[in-house]
Amino acid sequence: MTQYIIKILVTTALVVAVSELSKRHSFAAGLLASLPLLSLLAMLWLYFDTKDTGKVAALSTSIFWLVFPSLVFFLALPPLLLKAKLNFYLSFGLATALMLACYGLMLIGLKKA
């Protein structure tokens with residue numbers, strides 16, 4: 001149980017750190033958020049729990065392929081939607097929908113590969 005509490009506290013602290021830092025320094029927060037912190041933590045926790053490098057390798061490979069659809073969100077939101085002066089929530093929703101569609105396409109593509 002202590003292990004789960006530590007995982008939750010460390011992971012939560014990183015999310016809060018990015019959120020708070022973004023209020024003062026958006027570039028520094030962007031740098032911190034762009035680091036694959038969640039992925040790194042997930043791999044560390046997985047190895048810590050299982051000691052199975054095969055599972056860590058499989059997770060890493062999955063993360064690699066699924067990063068591409070997530071980039072669509074960041075390409076669509078600022079330059080296309082927000083600069084077009086669309087409402088923030090509408091822009092956020094459209095960028096999210098586009099990203100999810102790209103995830104679907106990637107999953108279909110990975111099944112055929």
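Modeller: Happy to, and please keep in mind that the model is predicted. Let me begin with Phe73, which has a relative accessible area of 11% and is buried.

Colleague: Why is Phe92 called partly exposed?

Modeller: The label covers values between the 20% and 50% limits. Phe92 has a relative accessible area of 39%, so Phe92 is partly exposed.

Colleague: Why is the pair of Phe73 and Phe92 called edge-to-face?

Modeller: Ring centres must lie within 6.5 Å to pair, and planes over 60 degrees apart count as edge-to-face. Here the centres are 5.3 Å apart and the planes are at 80 degrees, so the pair is edge-to-face. Phe73 sits in helix α4 and Phe92 in helix α5, 19 residues apart, and the pair links distant parts of the chain. Ring pairs also join Phe73 and Phe92 with Phe74, Phe88 and Tyr89 in a cluster.

Colleague: Nice! Now the helices: why is α1 called roughly antiparallel to α3?

Modeller: The axes of α1 and α3 come within 11 Å and cross at roughly 170 degrees. Angles over 145 degrees count as roughly antiparallel, and that makes α1 roughly antiparallel to α3.

Colleague: Which residues of α1 and α3 meet?

Modeller: In α1 they include Val10 and Leu14, and in α3 Leu41, Trp45 and Phe48 are among them. By class, this contact has 7 nonpolar, 2 polar and 2 charged residues.

Conventions
Residues are numbered from 1 along each chain as its sequence is written. This is a predicted model: local features need pLDDT of at least 70, side-chain atom pairs count only at pLDDT 80 or more; totals for chains, interfaces and linings use all residues. Side-chain values use heavy atoms; hydrogens and water are left out. Axes are lines fitted to C-alpha atoms, for helices over the stretch in contact, and angles run from 0 to 180 degrees between N-to-C directions. Helices (H or I, at least four residues) and strands (E, at least two) are DSSP runs, numbered from the N terminus. Angles under 35 degrees count as roughly parallel, over 145 as roughly antiparallel, 65 to 115 as roughly perpendicular and the rest as oblique. Contact means heavy atoms within 4.5 Å. Ala, Val, Leu, Ile, Met, Phe, Trp, Tyr, Cys and Pro count as nonpolar, Asp, Glu, Lys and Arg as charged, and the others, Gly among them, as polar. Rings of Phe, Tyr and Trp (its six-membered ring) pair if their centres lie within 6.5 Å; planes under 30 degrees apart count as stacked, over 60 as edge-to-face and the rest as tilted. Buried means under 20% relative accessible area, exposed over 50%, partly exposed in between (1.4 Å probe, protein chains only).
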